[in-house]
Amino acid sequence: MSAILGIVWTGFGTYNILEDENLRWSDYIYLLVGILYIGHYLFDLINQYLIVENGTIRKNLLYGYSKKINLNEINLIKKFAGDYTLKTDTQKLKINTDLIEEKSLAELNEILQKLNLPSDKAVC
């Protein structure tokens, strides 16, 4: 999705810069937003979204930090609209399952089932 938005915003910004004789600062903003969206897409393409290792689950984020939860501290797994929200006493980690390959999602489901925790399932 971010690749499509990046292409659209970059195209819109480029068109405005090339075709408009009276350039405004907002024309450059469109181009900048498009480049940022494309950068976000490339980051997601290169880096894994979710890593489960050494008893932790870590979600890689673009903005310079990763969110990490110890598996043994999870006390509730909430599933809503296909996404997971893992909760501890002090943290919450939301996992967008649309960003996970089918094989990896099956492995994640297996890991979460092994935790044998109560789950709060909501139907959308």
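The model is predicted, with local features requiring pLDDT of at least 70 and side-chain atom pairs pLDDT 80 or more, whereas totals for chains, interfaces and linings use all residues. Residues are numbered from 1 along each chain, and side-chain values use heavy atoms, without hydrogens and water.

Leu36 lies in helix α2 (residues 25-46), helices being DSSP runs of H or I with at least four residues and strands runs of E with at least two. With a relative accessible area of 56%, Leu36 is exposed (exposed means over 50%, buried under 20%). Trp25, Leu36 and Ile46 are exposed residues on the face of α2 turned away from its buried side.

Buried residues of α2 include Ser26, Asp27 and Gly34. Viewed down the helix axis, the buried residues of α2 fall within an arc of 125°, so they line one face; the arc is taken from the directions from the axis to the C-beta atoms. These buried residues pack against α1 (2-19), contact meaning heavy atoms within 4.5 Å.

Elsewhere, Thr97 occupies the loop between β6 (92-95) and α3 (102-114). Thr97 counts as buried because its relative accessibility is 11%. Leaving aside residues up to four places away in sequence, Thr97 touches Gly82, Asp83, Tyr84 and Leu105.

Key: Buried means under 20% relative accessible area, exposed over 50%, partly exposed in between (1.4 Å probe, protein chains only).
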